[in-house]
Amino acid sequence: MRLGFWVMKVLTLMKFLCAILSPLFLSLCAYAQPALTQPPASNGEVAYFRFLLLGLGHLKTTTGIHNYERLLAKQFDLNPQEVAVIDAAGVTMRALLQQIHTSLPAIESGQTGAVTVARLTTQREQMITTLANQILNSVRPITAARLRVPGHLVANATNGGN
Amino acid sequence: MWWGVSALSALTLISSTARAQCREDSDLTSFRACLRGSASSCTLPTGTHTVCSSVGTINIVNSSLTAISGGDSDPADTVLQRGDGSLQTIMSLTSAAQGLTIEYLTLDGNRWAFGSPPSGGTQYSTAPNISCLIQSTGYYELNLASATIATVWYVNFINDPVAGLILGGSTYTTSPPAASTVDYSTFGSMDDSAQAARATAMMVEGTHSGAYYNHIYYAGTAGINLNGGNNQIAYGNTLYSNRYEMSDGGQGGDLFIAPGTYAATVAANVIDQNFWFTDSSTGTVNGCPVPADEPQLPYPMEIYGYDNYFYNNEVDAGTIGMTLGQATGDTYNIYISGANPFDGSDAPRYFNDNSWTALFFLGTSYSNGVSGVTLDQIRVCNTGYSSDPSTPYYYSAPFGIGGISFNYTSGTGFTTSVTFGSNYPGNIYSGSTYSFAGPPSSTGSCPSR
């Protein structure tokens with residue numbers, strides 16, 4: 001019982017660190033994750049996470065981030081631990097977006113090529129998928145189910161949605 | 001002194017020259033040509049592209065287009081920016097496109113670039129100074145009023161001098177189900193109220209048109225306006241501190257359903273009014289004049305029309321959570337529920353922290369009230385209080401302005417039908433101008449947030 005408690009503690013700590021450091025330690029973090037209990041996010045579900053994570057990742061102020069997460073908690077009835085998981089994903093996303101933001105002017109001025117923008121875009125999309133699955137596997141099952149709903153609703157409602 | 005005058009003159013000259021030299025880049029020129037041509041898709045490369053009034057609004061002429069996209073999948077990376085204050089609309093649909101998707105773009109109205117807000121705080125600016133236009137001035141960022149079926153997703157709208165998006169939808173299909181929608185789009189910024197629209201963020205028109213999972217922050221008037229259509233849907237949107245500048249001159253609703261709108265569905269939205277209000281001490285907001293003569297107290301929802309349905313919305317931090325039939329008499333057959341028939345696992349949401357009352361069925365006279373109301377399992381928390389100094393409470397408790405007021409009461413389990421004639425100034429507990437099928441229950445609990 002006590003051993004189980006400490007295992008969970010360590011895993012939680014590693015998940016937190018991985019969420020923050022995953023751009024650098026993605027492969028290492030993959031081993032540190034507990035066995036996945038959630039099916040991978042579908043394309044439609046990732047579409048919602050793209051919106052969520054880009055919105056959070058582009059915020060720069062503490063107040064803005066706090067309000068964003070507070071309203072997200074109302075949308076999905078998140079508990080504080082789940083808000084922390086999403087906040088950590090936002091930190092990761094913010095770092096990558098900043099890196100891309102720094103690179104884009106050089107790309108647009110022709111100093112680096114289209115290959116670079118394609119690589120960064122691919123990296124961002126991979127990051128969104130990775131973070132989406134990390135979130136789904138780090139929140140309560142009921143919350144994971146709720147976070148999957150927008151993707152399905154929008155896909156059903158849109159003309160041209162995936 | 002000479003140097004000062006000279007420097008000022010030089011700056012003025014530089015500024016005038018900069019405005020006169022609005023130039024579009026070759027990528028935008030190619031993009032415009034694509035929208036006039038016969039391609040099925042047009043992509044604008046990443047970067048900021050200035051749109052000049054000398055060239056005009058970017059018109060979407062090609063009715064066979066299916067996709068208009070930014071250069072990558074982050075809308076922040078591809079920006080269409082207003083290049084001068086004389087340009088009224090950045091992009092507009094001039095054909096009756098069906099099956100068009102517009103995605104991964106930022107439309108930057110550049111509201112603050114062409115002149116400062118009026119220094120006196122009492123006058124609106126006029127173009128080309130577009131900092132504080134009046135609401136009725138016809139500036140949009142994306143005008144899709146003539147769309148038959150169009151999808152807007154992953155589009156950001158910032159710095160709009162009046163409105164962000166007008167979305168039409170003159171038809172819909174059932175197999176597969178499709179109608180005009182705006183999804184996963186952001187209006188304004190949670191970081192900075194000055195990036196919001198001066199007036200309405202989005203106007204949704206037509207039949208079966210929808211707004212799904214958008215974020216709308218600090219819009220000057222409504223965040224979402226379901227404007228006179230039918231069977232429209234607002235689902236899963238987050239609205240925060242809208243009606244911020246109140247550029248139409250008075251209080252109103254963050255989510256507005258216009259008179260004549262019918263069979264609308266409003267579900268699973270989170271609307272937080274952020275206790276925002278203005279009064280004679282406010283002065284200006286974002287440098288623009290606000291109504292100065294009396295307290296202006298916006299509501300999370302302002303509702304008119306008939307046969308409209310509300311499911312499990314979070315309605316927070318206003319004086320009145322939801323006002324119905326305030327100015328016209330066509331508000332009837334309204335269903336308000338805490339359940340969500342589209343998603344049985346949906347999170348429970350509340351009418352929370354509304355300092356006067358959760359629901360205000362107003363009507364315009366005793367003979368012109370709101371009727372045909374059903375309240376089903378709604379949850380009301382922390383409402384009708386008077387002691388919190390951080391909230392705009394101007395009248396002595398109990399205010400009892402009518403409609404329904406659950407003072408510190410959870411209405412969980414309240415399933416009944418209510419028919420109001422007009423209930424001003426009574427309330428559901430003491431008035432005599434209403435009838436309902438059964439008493440509310442006082443069971444249930446409020447979330448701690």
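This is a predicted model: local features need pLDDT of at least 70, side-chain atom pairs count only at pLDDT 80 or more; totals for chains, interfaces and linings use all residues.
**Entry 1: the A/B contact**

I find 41 residues of chain A in contact with 48 residues of chain B. Putting the two chains together buries about 3500 Å², and carbon and sulfur atoms give 56% of that area.

Next I looked up polar contacts. Across the interface of chain A and chain B there are 16 residue pairs in polar contact, both residues at pLDDT 80 or more. Which elements of chain A give two or more residues to the side that touches chain B? I noted α2 (43-57), α3 (62-76), α4 (80-108), α5 and α6 (141-157) of chain A. The top contributor is α6(A), with nine residues on that side. I also sorted the side of chain A that touches chain B by class: 18 residues are nonpolar, 14 polar and nine charged.

**Entry 2: salt bridges between the chains**

My count for the whole structure is 16 salt bridges over all chains, and between chain A and chain B I get six.

I picked Arg124(A) to follow up. Its side chain meets that of Asp72(B) in a salt bridge, 3.2 Å from N to O. Why does this pair join two chains? Arg124(A) sits in helix α5 (residues 114-136) of chain A, while Asp72(B) is in the loop between β4 (67-69) and β5 (78-82) of chain B, so the bridge runs from one chain to the other. Are Asp72(B) and Arg124(A) buried or exposed? I checked, and both are buried.

Arg124(A) also has a salt bridge to Asp77(B), at 3.0 Å from N to O. Asp77(B) lies in the loop between β4 and β5 of chain B and Arg124(A) in helix α5 of chain A, so this pair joins two chains as well. Asp77(B) is buried, like Arg124(A). My summary for this spot: Arg124(A) bridges to Asp72(B) and to Asp77(B).

**Entry 3: a salt bridge inside chain B**

Glu245(B) is in the loop between β20 (238-240) and β21 (253-257), and Arg198(B) is in the loop between β14 (186-187) and β15 (202-204), so the bridge ties together parts of chain B that are 47 residues apart in sequence. How buried are the two ends? Glu245(B) has a relative accessible area of 2%, and Arg198(B) comes out at 0%. I wrote down both as buried because 2% for Glu245(B) and 0% for Arg198(B) fall under the 20% cut-off.

After that I traced bridges with shared partners. Arg70(A), Lys74(A), Asp272(B) and Asp316(B) are joined into one network this way. One bridge I looked up is Asp272(B) to Lys74(A), where the side chains meet at 3.2 Å, N to O.

**Entry 4: aromatic pairs**

Last, the rings. I count 23 aromatic pairs over all chains. I opened up Tyr218(B) and Tyr240(B), which form an edge-to-face pair, 5.7 Å centre to centre with 85° between the planes.

How values were computed: Residues are numbered from 1 along each chain as its sequence is written. Chains are lettered from A and ligands numbered from 1 in the order in which they are written. Side-chain values use heavy atoms; hydrogens and water are left out. A salt bridge is a side-chain nitrogen of Lys or Arg within 4 Å of a carboxyl oxygen of Asp or Glu. Helices (H or I, at least four residues) and strands (E, at least two) are DSSP runs, numbered from the N terminus. Buried means under 20% relative accessible area, exposed over 50%, partly exposed in between (1.4 Å probe, protein chains only). Rings of Phe, Tyr and Trp (its six-membered ring) pair if their centres lie within 6.5 Å; planes under 30 degrees apart count as stacked, over 60 as edge-to-face and the rest as tilted. Contact means heavy atoms within 4.5 Å. Buried area is the accessible area (1.4 Å probe) that two parts lose on being put together, summed over both. A polar contact is a pair of N or O atoms within 3.5 Å; within protein, one must be able to donate a hydrogen and the other to accept it, and residues adjacent in sequence count only if both atoms are side-chain atoms. Ala, Val, Leu, Ile, Met, Phe, Trp, Tyr, Cys and Pro count as nonpolar, Asp, Glu, Lys and Arg as charged, and the others, Gly among them, as polar.
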